[in-house]
Amino acid sequence: MTILMMPNSLVLAAASPSPSSSASPSLPSLQAAQAQVQSLKQLIAAQQAKQTQLTAQLARLQKELKHEHQLINQQMTSLKNLLAAEYTTTPEGSTLAIIASPNLQSAVDSQITLSLLSSADTAQAKSLLKELKAEKQQEARLHTASIQMADATAKLQAEEIVASIQVAEIQAQQAAAAKAAQVAAQEAAAAATAKPTPKPTPKPTPTPTPVVTPTPPGPPVPAGPNVPFTVNTDLTQPSGITLGQIQIFLANTPLEADSQYFLQAEQTNHVSAIYLVADAVLETGFGTSTIYLTKHNLFGFEAYTSDPGAAMSFPSDQACISYVSWYVSVNYLTPP
């Protein structure tokens, strides 16, 4: 009989580190994660097929063992009867008592008994016991291999679960990004088709009273280096601020890492980087607000006094700066 051993390649696959133990700061691509899941499924299927084959082999061996054990018992009984007839004249019947014992192993191992038996009887008894012992050892090895196969299968299944979780996380991120883009498109379409609300006609009063109105700000003034930033500064013009100046201003705060994103938003959406930095500092308290820390929301976007928790969530600081600068440009800085 032979024992089916597990392939080394399969053992190595089961012992390889799972994706969850990696220290990578970001998730792999969706295609890579899905490919890993498919590979693990194939390994598990192959492992389960081998385990089924091993289980069937173990069942066959146990059946053969049972049959051989019956044959050995029959031979041992015949040997005991033969020895009992041969050695009935032994003083006090001590040898007969030992050989007739159910534990033939003890009888054969006994030096007194072996000295009284013929060499042929001793050899036959030892051969029977050796054969039975070999069969038992083979059954134990096959049983151990089956347990190892099941353990390897369990490890592969655990790795498949971890890889499937990664695929779900990547798909959730993609869905969130798609939803944010859809919301942005809907808001842009609504802003483009919105009609101005007609102003109500004031009712005439019998005795008009003088009304003091604040002086409206003057026309926008150009922005740029060495030009004071005031309420009249044209926010659509380049601010003239540099990356180094923003980094110095935001040094040692959580917002320092976003310095380049403010300049990128100015170049892409034509909204002053000075205004974006000032608004982010005001709304987050230099990057300490709960909305910023939990939702990457630097501007309190869609956060209302009555329901601050309704603030919009963003996948990253860069995504928030890019989206809000676009929203300000379209809805506040572009003439209707």
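The dialogue below goes through the helices of this predicted model and the packing around α8.

Trainee: Before I read anything off the model, what should I know about the numbering and the atoms used?

Mentor: Residues are numbered from 1 along each chain as its sequence is written, and side-chain values use heavy atoms, with hydrogens and water left out. Since this is a predicted model, local features need pLDDT of at least 70 and side-chain atom pairs count only at pLDDT 80 or more, while totals for chains, interfaces and linings use all residues.

Trainee: How many helices and strands are there in the protein?

Mentor: Helices (H or I, at least four residues) and strands (E, at least two) are DSSP runs, numbered from the N terminus. In this case the protein has 11 helices and 0 strands, and its pattern along the sequence reads α-α-α-α-α-α-α-α-α-α-α.

Trainee: Which contacts link residues 24 or more positions apart, and what share do they make up?

Mentor: Contact means heavy atoms within 4.5 Å. Among the contacts in the protein with a separation of 6 or more, residues 24 or more positions apart account for 64%. For C-alpha distances we can look at two pairs: Gln-264 and Ser-322, 58 residues apart along the chain, have C-alpha atoms separated by 8.1 Å, and for Glu-131 and Ile-72, 59 residues apart, the separation is 8.7 Å. Glu-131 lies in helix α6 (residues 119-193) and is partly exposed, with a relative accessible area of 38%.

Trainee: How do I read the packing of two helices, taking α8 and α9 as the case?

Mentor: Two packed helices are described by the angle between their axes and the distance between the axes. The axes are lines fitted to C-alpha atoms, for helices over the stretch in contact, and angles run from 0 to 180 degrees between N-to-C directions. Helix α8 (residues 259-269) packs against helix α9 (residues 273-284) at an angle of about 135°, with the axes 8 Å apart. Angles under 35 degrees count as roughly parallel, over 145 as roughly antiparallel, 65 to 115 as roughly perpendicular and the rest as oblique; α8 and α9 are therefore oblique to each other.

Trainee: Which residues of α8 and α9 meet?

Mentor: From α8 come Phe-262, Leu-263, Ala-265 and Glu-266, and they meet Ala-273, Leu-276, Val-277 and Ala-280 in α9. The residues of this contact divide into 7 nonpolar, no polar and 1 charged, where Ala, Val, Leu, Ile, Met, Phe, Trp, Tyr, Cys and Pro count as nonpolar, Asp, Glu, Lys and Arg as charged, and the others, Gly among them, as polar.

Trainee: At what angle do α8 and α11 cross?

Mentor: The axes of α8 and helix α11 (residues 317-331) cross at roughly 35° and come within 9 Å. Tyr-261, Phe-262, Gln-264, Ala-265 and Asn-269 of α8 make the contact with Gln-318, Ile-321, Ser-322, Ser-325, Trp-326 and Ser-329 of α11, and these residues divide into 5 nonpolar, 6 polar and no charged.

Trainee: Which residues of α8 are buried, and against what do they pack?

Mentor: An α-helix has 3.6 residues a turn, so residues three or four places apart point the same way. In α8, the buried residues are Ser-259, Tyr-261, Phe-262, Leu-263, Ala-265, Glu-266 and Asn-269, and they pack against α7 (243-249), α9 and α11. Gln-264, also found in α8, counts as partly exposed at 33% relative accessibility.

Trainee: Which residues have a positive phi although they are not glycine?

Mentor: Among them is His-270, with a phi of about 60°, placed in the loop between α8 and α9 and partly exposed at 48% relative accessibility. Another is His-296, with a positive phi of about 55°; His-296 lies in the loop between α10 (290-295) and α11 and counts as partly exposed at 30% relative accessibility.

Methods:
Buried means under 20% relative accessible area, exposed over 50%, partly exposed in between (1.4 Å probe, protein chains only).
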